[in-house]
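I wanted the overall build first, then a few charged side chains.

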Amino acid sequence: MDFFISLFSDPVGFWNSHTLLISQIGINGIVATSMFLVLYSGQLSLAAPGFMAIGAYTSVLMDLNWHTPFVLNVVAAVLLAGVVGVLVGLPVLRLRGVFLAIATIGFIEALRLGVILNLPITGEGLGLKNPNADPLGGVPIILVSLVVVLFVVWRLTRGRLGSAWSAIRQDEIAALSQGIFVARYKMIAFVLSALLAAYAGALEAHLNFFVDPGDTQYGVTRAVQILTFAVLGGSGYVLGPLVGALIVTLLPYIFEGAGDYINIIAGAFLIAVIIFRPQGIVGRGGLAIIRPAWWPRARLSAPSPG
Amino acid sequence: MDQQIVNAIFIGSIYALFAVGYTLVFGILDILNLAHSAVFMLGAAVTYSMVVNHGQSFVVACLVGLAASAFIGVVIEYICLRPLRRRQAPAIAALISTIGLALVIVAAVEQGNVGSFFSWLWVDGANSVAFPAGTVPNPTWHVGDLTLEATKVLIIPISIALMLVLGYVMRFTQVGRGLRAVAENPRAARLMGLDVDRMILLTLVISSALGGLAGILFGLALGDISPYIGRDNVEVRGLAVIVLGGMGSIPGAVIGGYLLGLIEIVALVTLGSNASGGVAFAALFLMLVLRPQGLFGTRLRERI
């Protein structure tokens, strides 16, 4: 609880002592928004960690080898992820539901285990040292980016594009019959989400002195975590995934008292939230409470006279 | 190379056994049960703990391990899936609730240390352990230049026999007909007088018991039992197997298991240990792009 008390009692001290945590929340927020884009258009794509890896490795490698300015690195990383996004999207976007999820898992693991862990230039399994990282200076960029990203994505969902995505999410065949170019709108969402993920990946790499190719960073574990942000927070509204990212990132602080048993409490919390709020924390409606069969029922009608 | 092929068949049998449970739940509920790899781990961990910490014979320990796995199947249904079905939640919600349960199970085993709250379950924390030598008799034969250990060889007939039994039950018995009816159309099955909830419970119990058995055999044959064996060895590979064979198809999962074991060994021999990890996933990706229904899949509602 000390954590949350210090947030209110000493905001400046809190900011200074938790800069890295705040940066991580911002980055997770951007990635969660990237997940929101694909979910909003009805695609269960788990490709985000792959594009984050592309963003991270491209920007760090450009910096190490060519000493190019940071902005140029990020732009190049994001553009490369966009190209890869189109190339991957063309074959996989014909798939739906868990099939798309599994195909994108194939993509991120083939990229991580097959490419990144085997190229000498990416440092293979040892990872990549990044001496020019700036763990503390990134916060303003990250938070401003997060706000801009949220605003842009919110505007997109309110416009033509958003209506098309909504229609596709609700019923793909009906959307097709209304003259919506389903393949094109799905591709737009997929590529936009790839750009955002790569952007977040490049920013995240800039925070750490070491780019780690592990499973928790760019593998399935990360993909599942990002999916949890979006589904727990609620994927119907732009702010939902951000709320999910905030809560999941802060879980160790929220359940500080659990000590070693933190993951048990966190898992039980996830189950409870999703059972009572299947639509996510941000969304319409109240708690979904269903009366068990043995619960005493209220009398439906007054006893009839006579 | 010959030895490698034999190894491919051993590991393929474990993949197949694990994936059969995975695909059974997907075929009937259209839900990926992401707690399945935690059940795999729990089966191995409970059996190990019964033998080493509670001094039981291996047979008793196996039965307890299977019972614990089957019980987790009940937990999955009552806690993670049934409440969501009642609320008509989107299918994606079940992914999160089963992930939550997997997190709880892995964390419980991980925190099992001497003197901790979970010491009755496991005392080795995050360490990897193996059954003490002599837990089961393990004669080793040498045929030509092949080395065959009894525990590894036995896995093959056990897996095949179980999968044949399951195939027979699904195809020719009253229960199997009921399960297939629920898979085809739950509402129509209910109108025909089937207790759909009970059928789903049965599916999860069978699936989890098979997952736990795969874990026990894995721990026995490979001598590696830790809280992370499910996540590291079968979680994603299980997905690859059921995709290779065709989602929801039991014979497909069996063939897919052996196929994945073979692909991995061939990649290991031809490309070296570094590149082999990516090959299975590249195969998975290509399979989904070229033939999303898998080798044996028939129905594919997810595709336009």
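**Entry 1: what I am looking at**

I note at the outset that this is a predicted model. I will keep that in mind for every value on this page.

**Entry 2: chain A as a whole**

I looked up the secondary structure of chain A and found 14 helices and two strands. Next came the overall dimensions. Along the principal axes, the C-alpha atoms of chain A occupy a box of roughly 95 × 55 × 35 Å. I then checked the radius of gyration: chain A has 22 Å, while a compact globule of 306 residues would come near 19 Å.

For burial, I read that 53% of the 306 residues of chain A count as buried. I also looked at how far along the sequence the contacts reach. Taking the contacts in chain A between residues at least 6 apart, 74% of them join residues at least 24 apart. As for charge, chain A carries 16 positive and 13 negative charges, and their mean positions are 22 Å apart.

**Entry 3: chain B as a whole**

Reading from the N terminus, I wrote down the order α-α-α-α-β-β-α-α-α-α-α-α. The radius of gyration of chain B is 19 Å, close to the 19 Å from the globule rule for 304 residues, so chain B is as compact as a globular protein of that length. Its C-alpha atoms fill a box of roughly 55 × 50 × 35 Å along the principal axes.

Of the 304 residues in chain B, 57% count as buried. Contacts with a separation of 6 or more in chain B are 71% between residues 24 or more positions apart. I put the accessible surface of chain B at about 12,700 Å², with 65% belonging to carbon and sulfur atoms. Chain B has 17 positive and 15 negative side chains, and the centres of these two sets lie 15 Å apart.

**Entry 4: a salt bridge inside a helix**

How many salt bridges are there over all chains? I get 12. I started with A:E109, which sits in helix 6 (residues 97-116) of chain A. A:R112 forms a salt bridge with A:E109, with the closest N and O atoms 3.1 Å apart. The two are three residues apart in helix 6 of chain A, so about one helical turn separates A:R112 from A:E109.

Is A:E109 buried or exposed? With a relative accessible area of 3%, A:E109 is buried, because the cut-off is under 20%. A:R112 is buried as well. Leaving out residues up to four places away in sequence, I found that A:E109 touches residues of both chains, among them A:D215, B:G278 and B:F281.

**Entry 5: the network in chain B**

Which residues are linked in a network of salt bridges? I listed B:E77, B:R82, B:R85, B:R86 and B:D197. In the pair B:R82 and B:E77, the closest N and O atoms are 2.8 Å apart. B:R82 is buried at 13% relative accessible area, and B:E77 is buried at 0%.

The pair B:R86 and B:D197 has its closest N and O atoms 3.0 Å apart. B:R86 lies in helix 3 (residues 58-86) of chain B and B:D197 in helix 8 (residues 196-222), so this pair ties together parts that are 111 residues apart in sequence. B:R86 counts as partly exposed at 40% relative accessibility, whereas B:D197 is buried at 12%.

Definitions and conventions:
Residues numbered from 1 in each chain as written. Chains lettered and ligands numbered in written order. Predicted model: local features only at pLDDT ≥ 70, side-chain atom pairs only at ≥ 80, totals over all residues. Heavy atoms only, no water. Helix = DSSP H or I, 4+ residues; strand = E, 2+ residues; numbered from the N terminus. Rg over C-alpha atoms; globule rule 2.2 N^0.38 Å. Buried < 20%, exposed > 50% of the residue type's maximum accessible area, 1.4 Å probe, protein only. Contact = heavy atoms within 4.5 Å. Lys, Arg positive; Asp, Glu negative; His and termini not counted. Charge placed at Lys NZ, Arg CZ, Asp CG, Glu CD. Areas by Shrake-Rupley, 256 points an atom, 1.4 Å probe, with all protein chains shown as cover. Salt bridge = Lys/Arg side-chain N within 4 Å of Asp/Glu carboxyl O.
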